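This briefing is for a reader new to the structure. Please look over the sequence and the model before going through the points.

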Amino acid sequence: MLFRKSINNVFIVAVLLSLSACDAAMGVLQAARDQVEDRAKNTLLNAGYTNISIDGFGFYGCGEDDDYTVKFSAKGPTERPVSGVVCIRNSKGSAGIRFM
């Protein structure tokens, strides 16, 4: 009986440690996501856009060499509403705006 209790305790500790590791990994992923979204927002701000809403990551609209596709809607430099994607390429440190 004592052996079974200690096996259960080891199992509980192992589960708690794995949940803790998953939580840490999610924190790292969230920080990376925030960094990409901030870069997209700064790209739009520098181009004269206002009322920017970042709508998450996209799956199309950018080239093969782009690392991230971030969807957005905003008010353009001419005060008209626009929507599109910001294409981010980490290897060259560049970002471009494309409209949908």
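The model is predicted. An open sheet of 4 strands runs in the order S1-S2-S3-S4 with antiparallel pairing, and helix H1 spans residues 2-46.

- S3 and S4 are joined by 6 bridges in the antiparallel sense.
- Val85 has Arg98 in S4 as its bridge partner.

**The nonpolar core**

- The largest nonpolar core consists of 10 residues: Val36, Ala40, Leu44, Tyr49, Ile52, Val70, Phe72, Ala74, Val86 and Ile88.
- In soluble globular proteins, nonpolar side chains tend to be buried together.
- Val70, one of the core residues, is in contact with Val36, Ala40, Ile54, Gly56, Phe57, Gly84, Val85, Val86 and Ile88, when neighbours within four places in sequence are left aside.

**Aromatic pairs**

- The count of aromatic pairs comes to 3.
- Tyr49 and Phe99 have ring centres 6.4 Å apart and ring planes at 35 degrees; this angle falls between the limits of 30 and 60 degrees, so the pair is tilted.
- Tyr49 has a relative accessible area of 9%, which is under 20%, so Tyr49 is buried.
- Phe99 has a relative accessible area of 47% and is partly exposed.
- Phe57 and Tyr68 form a tilted aromatic pair, at 6.1 Å centre to centre and with 45 degrees between the planes.
- Because Phe57 lies in S1 and Tyr68 in S2, this pair ties together parts that are 11 residues apart in sequence.
- Phe57 is partly exposed, with a relative accessible area of 27%, and Tyr68 is partly exposed at 29% relative accessibility.
- One aromatic cluster is formed by Tyr49, Phe72 and Phe99; Tyr49 and Phe72 are also among the residues of the largest nonpolar core.

**Two residues of H1**

- Glu37 is found in H1.
- The relative accessible area of Glu37 is 17%, which is under 20%, so Glu37 counts as buried.
- Apart from neighbours within four places in sequence, Glu37 is in contact with Ile54, Gly56 and Phe57.
- Arg39 is also found in H1.
- Arg39 has 24% relative accessibility, a value between 20% and 50%, so Arg39 counts as partly exposed.
- Arg39 touches Ile88, Arg89, Asn90, Gly93 and Ser94, not counting residues up to four places away in sequence.
- Arg39 and Ile88 are 49 residues apart in sequence, and their C-alpha atoms are 8.3 Å apart in space.

Definitions and conventions:
Residues numbered from 1 in each chain as written. Predicted model: local features only at pLDDT ≥ 70, side-chain atom pairs only at ≥ 80, totals over all residues. Heavy atoms only, no water. Buried < 20%, exposed > 50% of the residue type's maximum accessible area, 1.4 Å probe, protein only. Contact = heavy atoms within 4.5 Å. Core = buried A, V, L, I, M, F, W, Y, C linked by side-chain atoms within 4.5 Å. Phe/Tyr/Trp six-rings, centres within 6.5 Å; stacked < 30°, edge-to-face > 60°. Pairing = 2+ DSSP bridges.
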